[in-house]
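Here's a quick briefing to read alongside the model. Have the viewer open and follow the topics in order.

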Amino acid sequence: MPTALITGGTVGIGHSFATALAASGYDLVLASRDREGLENVAGQLRDQHSIAVEVIPTDLAKRRDVDRLAKRIEDPARPIDLLVNNAGFAVHDSLLVEDVSVHDRAFEVMCRAVLVLSGAAGRAMTSRGHGAILNVSSSSTTITTGNYSAIKAWCTVYTEGLSNELRGTGVKVMALLPGWVKTEFHSRGGVKAHNLPGFVWIDSDKLVAKALKHLGAGKVLSVPTARWRFAVGLGHILPRRTIRWISRKLTKSRQ
């Protein structure tokens, strides 16, 4: 059986990845800070799909935990066939704050951990001649809503660069750029999204099904729906001053 490692695999998009991959016959390695959540999800997936599920309690803001997870990825006796770098959180702190601890954590979890874990996966998978790396980015990369947009823009460009390095090795690399997804991500992050119209939302399970289809087809960038592909495409062609204006309006609407 192939094995997938998913960070942040107990809730939201990560849980949808875990469920979809388990149903497809993957064994799983789940990494999260929530030990109890890991055990609960692992038990459910073992019972429902008769697969092996390994849990690794991990805080991706702690470099020793990231290094430990990287070693697991590179363990030749227990190969990882698919890495899903999904863990992340909303960042609302102003770019002017004196205490940058939230920004530091965001960099560690959504940049450095992605760099280290993807590098470990790329090395291990290249040596075997197959594998896949999927990094969850965001459609907010096309706008300028603070540090979250900047961090996810890094994730997207990094993933494209990694795909260049691994081209021809048999290892697929893809960034997923979801829009507004129906998960607890926004409420947990304090994002006010109740005024958004229903048509902007994406079902998490449908998002993951489309992402896995795109990964199998060898896409490097995956935007899940026609309306969000249009929005992201518009973000690439509009003048930057217009993007900044739109971003200011969006930010004010969530305050």
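Which residues in H4 meet which residues in H5? On the H4 side they are His-103, Ala-106, Phe-107, Met-110, Cys-111, Val-114, Leu-115, Ser-118 and Gly-119, and on the H5 side Asn-147, Tyr-148, Ile-151, Lys-152, Trp-154, Tyr-158 and Leu-162. Keep in mind that this is a predicted model.

**The chain as a whole**

- You'll find 9 helices and 9 strands in the chain.
- Of the 255 residues in the chain, 49% are buried.
- Take the contacts in the chain with a separation of 6 or more: 67% of them come from residues 24 or more positions apart.

**H4 against H5**

- By class, the residues of the contact of H4 with H5 come out as 11 nonpolar, 4 polar and 1 charged.
- As for geometry, the axes of H4 (residues 101–128) and H5 come within 10 Å and cross at roughly 10°.
- Angles under 35 degrees count as roughly parallel, and H4 and H5 are therefore roughly parallel to each other.

- The structure holds 1 aromatic pair.
- It's formed by Trp-154 and Tyr-158, whose ring centres are 4.9 Å apart with the planes at 10°, so the pair counts as stacked.
- Trp-154 and Tyr-158 sit 4 residues apart in H5 (residues 146–165), so about one helical turn separates them.
- Buried or exposed? Tyr-158 is buried, with a relative accessible area of 15%, while Trp-154 is partly exposed at 29% relative accessibility.
- Both Trp-154 and Tyr-158 also turn up on the H5 side of the contact with H4.

**H1 against H2**

- The axes of H1 (residues 12–23) and H2 (residues 35–49) come within 10 Å, and they cross at roughly 25°.
- That angle is why H1 and H2 count as roughly parallel to each other.
- The crossing of H1 and H2 is right-handed.
- H1 brings His-15, Ala-18, Thr-19, Ala-22 and Ala-23 to the contact, and H2 brings Val-41, Leu-45 and His-49.
- Sorted by class, the contact of H1 with H2 has 5 nonpolar and 3 polar residues, with no charged ones.

- Look for Ser-50 in the loop between H2 and strand E3 (53–57).
- Ser-50 has a positive phi of about 55°, although it is not a glycine.
- With a relative accessible area of 61%, Ser-50 is exposed.

- Where is Ser-140 placed? It's in the loop between strand E5 (131–136) and H5.
- Ser-140 is buried, at 10% relative accessible area.
- Leaving out residues up to four places away in sequence, Ser-140 touches Thr-145, Tyr-148, Ser-149 and Lys-152.
- Two of these, Tyr-148 and Lys-152, are also in the set of H5 residues that meet H4.
- Ser-140 and Pro-178 are 38 residues apart in sequence, and their C-alpha atoms are 8.6 Å apart in space.

**Thr-3 in strand E1**

- Thr-3 lies in strand E1 (residues 3–7).
- The relative accessible area of Thr-3 is 13%, so this residue counts as buried.
- What does Thr-3 touch, not counting residues up to four places away in sequence? Its contacts are Tyr-26, Asp-27, Val-29, Pro-79, Ile-80, Asp-81 and Leu-82.

Conventions:
Residues numbered from 1 in each chain as written. Predicted model: local features only at pLDDT ≥ 70, side-chain atom pairs only at ≥ 80, totals over all residues. Heavy atoms only, no water. Axes fitted to C-alpha atoms, helices over the stretch in contact; angles between N-to-C directions. Helix = DSSP H or I, 4+ residues; strand = E, 2+ residues; numbered from the N terminus. Parallel < 35°, antiparallel > 145°, perpendicular 65-115°, else oblique. Left-handed = near helix turned anticlockwise from the far one by under 90°. Contact = heavy atoms within 4.5 Å. Nonpolar A, V, L, I, M, F, W, Y, C, P; charged D, E, K, R; others polar. Phe/Tyr/Trp six-rings, centres within 6.5 Å; stacked < 30°, edge-to-face > 60°. Buried < 20%, exposed > 50% of the residue type's maximum accessible area, 1.4 Å probe, protein only.
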